[in-house]
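I opened my notebook to look at a ligand site and some ring pairs. Here is the model I had on screen.

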Amino acid sequence: MISSVLPTYSRAPLSFVSGAGSWLTEADGRRFLDLGAGIAVNALGHAHPKLVEALTAQAGALWHTSNLYQIPQQQALADKLVDATFADTVFFTNSGTESCELAVKMARKYFYDKGQPERVDIITFDGSFHGRSSAGIAAAGSEKMTKGFGPLLPGFVHLPFGDHDALTAAINENTCAIMVEPVQGEGGIRPLPDVCLKGLRDLCDEHGILMILDEVQCGVGRTGKLFAHEWAGITPDIMMVAKGIGGGFPLGAVLATENAASGMTAGTHGSTYGGNPLGCAVGCAVMDIVTDPEFLAEVNRKASLLRQKLEGLIASHPDVFESVRGTGLMLGLKCKVAPGDFVAAGYAQEVITVPAADNVVRLLPPLTITDDEIAEAVARLDRTAASL
Ligand SMILES: *Cc1c(COP(=O)(O)O)cnc(C)c1O
């Protein structure tokens, strides 16, 4: 008999009942060190006092009105995002998938309005992940996600990861945008080198193509900059954001330049919940914390500390690990064992990690993780490796 919850997930036998900082408490009382952070969502850990305060204060005042009216919290969050980034304008969503939908629509509408309606093709890389909507699965293109779901949304061109020559050859008069994750998350923590991002930006400029970056997983301080593309010294035309921006509240956003957003006039897009007062109140609190240069400096310092300890960890378990990769607090342990087995063995050591493609175990701890917790995390990962 089918379970009352649609069985689309294979879930671990763990039920967490509360969380504080980097720790999760299971129903039986065990305390787990959380190196997954809800897949990079709980960027500030669990029950961060500033986020609890922002959410509860807003909950007592007003939950929802509608985008038929002005929403001051939405305006405030848009202003913060515009101040802190390349963007001139922001649309709020409830998820990364919805951000992908708008990014695709915005890019196509841009060329339609410029009198080039044939320019609809969006180039993506193998191993990418952009969500589970019809556009999202068509964009990523892997058979695992698309098989059986009928005709795919046309207009996506899939190329080998980071293959600049293939890219140059694939661009033609129908190309509208290139859409990439600066650091692939689901694909196995694969950073696109800075020179590649710069090269992509140059190609886009040369051919008048829009650059869409999916920073749903790697954004909001995760790599030690507010957004990962800042390391390469380039800016996109359109950027998808979600996960960390809500700190656990469902919130996403599409950021764009005035030029890229020029087709999105009144009535061309909308959302019932997107940008509601609750989500935006929390988003403002998240932004106030993660845009502090001292906070980002700490993320970078702790990222080097963790990285250094992980190099030691893999050296002492050459039968389990191959290498460490990634950037900032978005790290991957390339494994010689099945990543799912490692993650499951971690539960016995009360440490949470997340599997990814390409035989990688992901480490995406809260950005607020302490030095002591980093030491404890590596000790638990060490015991996990020893148990295999
Ligand atoms: C998680 C993720 C998405 C999809 O976000 P949802 O909130 O699950 O819809 C899209 N792109 C990337 C890079 C992601 O990591």
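**Ligand site.** I kept in mind that this is a predicted model. I listed the residues around the ligand and found Ser95, Gly96, Thr97, Phe129, His130, Gly131, Glu181, Asp214, Val216, Gln217 and Lys243. By class, I noted six polar, three charged and two nonpolar residues in this shell.

I looked up the polar atoms next. A polar backbone atom of Gly96 is 2.9 Å from an oxygen atom of the ligand. A nitrogen atom of the ligand lies 2.7 Å from a polar side-chain atom of Asp214. For Lys243, I found an N or O atom of the side chain 2.6 Å from an oxygen atom of the ligand. The ligand taken alone exposes 380 Å², and the protein buries 83% of that.

**Ring pairs.** I counted four aromatic pairs. Among them, Phe16 and Phe32 have ring centres 5.4 Å apart and planes at 75°, so I wrote this pair down as edge-to-face. Phe16 belongs to strand 1 and Phe32 to strand 3, so the pair ties together parts 16 residues apart in sequence. Is Phe32 buried or exposed? It is buried, with a relative accessible area of 0%, while Phe16 is partly exposed at 34%.

I also checked Phe125 and Phe161: with centres 6.1 Å apart and planes at 70°, the pair is edge-to-face. Phe125 sits in strand 5, and Phe161 in the loop between strand 6 and helix 7, 36 residues apart.

**Charges over rings.** The charged end of Arg190 sits over the ring of Phe161, 4.2 Å from its centre. I found Lys225 over the face of Trp231, 4.7 Å from the ring centre.

Definitions and conventions
Residues are numbered from 1 along each chain as its sequence is written. This is a predicted model: local features need pLDDT of at least 70, side-chain atom pairs count only at pLDDT 80 or more; totals for chains, interfaces and linings use all residues. Side-chain values use heavy atoms; hydrogens and water are left out. A residue is near a molecule or strand if one of its heavy atoms lies within 4 Å of it. A polar contact is a pair of N or O atoms within 3.5 Å; within protein, one must be able to donate a hydrogen and the other to accept it, and residues adjacent in sequence count only if both atoms are side-chain atoms. Accessible areas come from the Shrake-Rupley method with a 1.4 Å probe; for residues, only the protein chains shown count as cover. Ala, Val, Leu, Ile, Met, Phe, Trp, Tyr, Cys and Pro count as nonpolar, Asp, Glu, Lys and Arg as charged, and the others, Gly among them, as polar. Rings of Phe, Tyr and Trp (its six-membered ring) pair if their centres lie within 6.5 Å; planes under 30 degrees apart count as stacked, over 60 as edge-to-face and the rest as tilted. Helices (H or I, at least four residues) and strands (E, at least two) are DSSP runs, numbered from the N terminus. Buried means under 20% relative accessible area, exposed over 50%, partly exposed in between (1.4 Å probe, protein chains only). A charge sits over a ring if NZ of Lys or CZ of Arg is within 6 Å of the ring centre and within 35 degrees of the ring normal.
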